[in-house]
Amino acid sequence: MPDQEPAMSQSAPLCRPFRPASARRLAPVVAGMAVAAPLLALTAVAQARAPDCAALARQALPDTTFTTVETVAAGSWQPPQDQLSRIMSAPGMNLAGHARQAANPAFCRVAATLRPSPDSQIRTEIWLPLSGWNGKLLGVGNFGWAGSLMYYGMATGIAEGYAVASTDTGHDSATPEGQGGRFTLGHPEKMIDYAYRADHLMTVTARKLVRAFYGKKPAHAYWIGCSLGGLEGLIEAKRYPEDYDGIVAGAPPNPIVNFNAEQLWAGWMSYHDPALRVSRDKFHLLNAAVMNACASPVGKKQGFLDEPDRCAFTPEQLECKGGDTTKCLTANEVRAARNIYQGPVDPQTHQVIFPGPAKGSEDGFSADGRAFPVALDLFRYAAFQNPDWDWTTLNWGTDIQEATRRVGPLLHVDDNLTPFLRRGGRLLLYIGWNDGHNPEQLASYYQAVQRNAGPVGADAVRLITIPGMGHCQGGAGCDTFSKLGVIDDWVSHGHAPEQVLAARVENGQVVRTRPLCAWPKVARHDGHGSMDDAASFACVDPAGQ
């Protein structure tokens, strides 16, 4: 059968587990009222007081100043156009799995500034649907070093019927002092806001406003974020297990000191030994060899490695037998590639500090003697409080330990999330195989969380590894799926995500679909159906094959 485009409407939400329509959008009701007769129900609705947006400005909340309380008309919301918007508007970042961003319904927009300390200035917004509220709250995680409201995620959530909340975590990335990690320099209270206080207080504030606006508290609350947003989700689960009922944590950089150290590793290595610098063309050559050796027919056709953890290819297989050519790697290039795959090693313990990227992601490698800016900021600003700290002097035996001592208590999350899971919380982890963060590291963390939780962990945590997806989105794989649909179906109806439908979207059109399987299972093609159709794949345990 020839490959064909899957039959899926571009306007339909992608990859949403089946839920009854009534579970998606529930009209606001008066708390405690139960009327059976249709006529009495209509009368009750007619007599119910409509939510009053302006009245929210009169709420007396501690350390809170309302800056904007307004009604936003349906279809009128336009998010700011900046670099963050370009990232967040990608289909793979859409929380509901839509190929295009849906227009907003009418909502009450509340913007406030929270000041839990004299040095705090946490911008927060809570959006409340004027009608069609589904009874639930959504917290939207940040990206990078934060410093901005996550408007695209908020717009998606409110279009799905959620009350939504977002925060800049206490600094403004549009200002010079708020860019990257600079805001942490000499501001310990802002560091606390960034690490956990802003997200928690945002959530507490949102819950109070929801109750004031609708007359009842949210039936469920969900957190969704990737990268920093994924780490924020883990921090919420650890520090405030009652804040959220379901958390979707994509590619959480945890422990972040170790992860940022790995991001500096290839640049540090090639700075100190220029012989280990590798051109992009040679990394492309390595990637092509890995693909040729290990990709399935589907992966070769679609451009990604299906199961990187099962690939036995080594850089030595490309080593030049004679002189250097464009078709082989020199001994130094082989050594550099091997070091990148391995990741940095603690010279005292001889343990890998954080594993390097997975095979199949070589097109994203860099060994040019330069530092990775986002990672550099954690050390020079947040950890060492020294803007002139020289990253080339990084001591792998002592500096990682010292940075962990200073930053770890705020930002690192251990593998004991049992209080969150035991109270009924559900945690979905996801990550792309072409992310710079190796999914095998996250799989180890996932297993440790399950072990610590005991029997409850088997039903409360899932990990999805996504072939061909880059950091949170993009790449050649199917990166678009409904995080909202998955977590709501799990929490509201008890359906743990063993298999999720995902899509690849190009120019607003779905060009292929594929199942994403709960780890350790992987999607295998049946050998005869369309490679672009999820129905041609099955989730199997590779250990049993």
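Predicted model: local features only at pLDDT ≥ 70, side-chain atom pairs only at ≥ 80, totals over all residues.
F107 and W127 are stacked, with 4.4 Å centre to centre and 25 degrees between the planes. F107 belongs to strand β2 (residues 107-114) and W127 to strand β3 (residues 122-129), so this pair ties together parts that are 20 residues apart in sequence. Ring pairs also link F107 and W127 with W77 and Y151 in a cluster.

Next I checked F259 and F354. Their ring centres are 5.4 Å apart and the planes stand at 70 degrees, so I noted the pair as edge-to-face. F259 sits in helix α7 (residues 256-272) and F354 in the loop between α10 (331-342) and α11 (373-383), so the pair joins parts 95 residues apart in sequence. Both F259 and F354 are buried. Over the whole structure, my search gave 24 aromatic pairs.

I then looked for charges over rings. R239 has its charged end over the ring of Y196, 3.8 Å from the centre. K483 does likewise over F481, at 4.4 Å from the ring centre.

Last, I turned to strand β7 (residues 246-250). Five of its five residues are buried, so β7 is largely enclosed by the rest of the structure. G246, V248 and G250 point one way, I247 and A249 the other. β7 pairs with strand β6 (residues 220-226) in the parallel sense over five bridges. The chain passes from β6 through helix α6 (residues 228-239) to β7 in a right-handed β-α-β crossover. β7 also pairs with strand β8 (residues 426-432), in the parallel sense over five bridges, and there A249 has L429 as its bridge partner.

How values were computed:
Residues numbered from 1 in each chain as written. Heavy atoms only, no water. Buried < 20%, exposed > 50% of the residue type's maximum accessible area, 1.4 Å probe, protein only. Helix = DSSP H or I, 4+ residues; strand = E, 2+ residues; numbered from the N terminus. Pairing = 2+ DSSP bridges. Right-handed = clockwise from strand over helix to strand, strands pointing away. Phe/Tyr/Trp six-rings, centres within 6.5 Å; stacked < 30°, edge-to-face > 60°. Lys NZ or Arg CZ within 6 Å of the ring centre and 35° of its normal.
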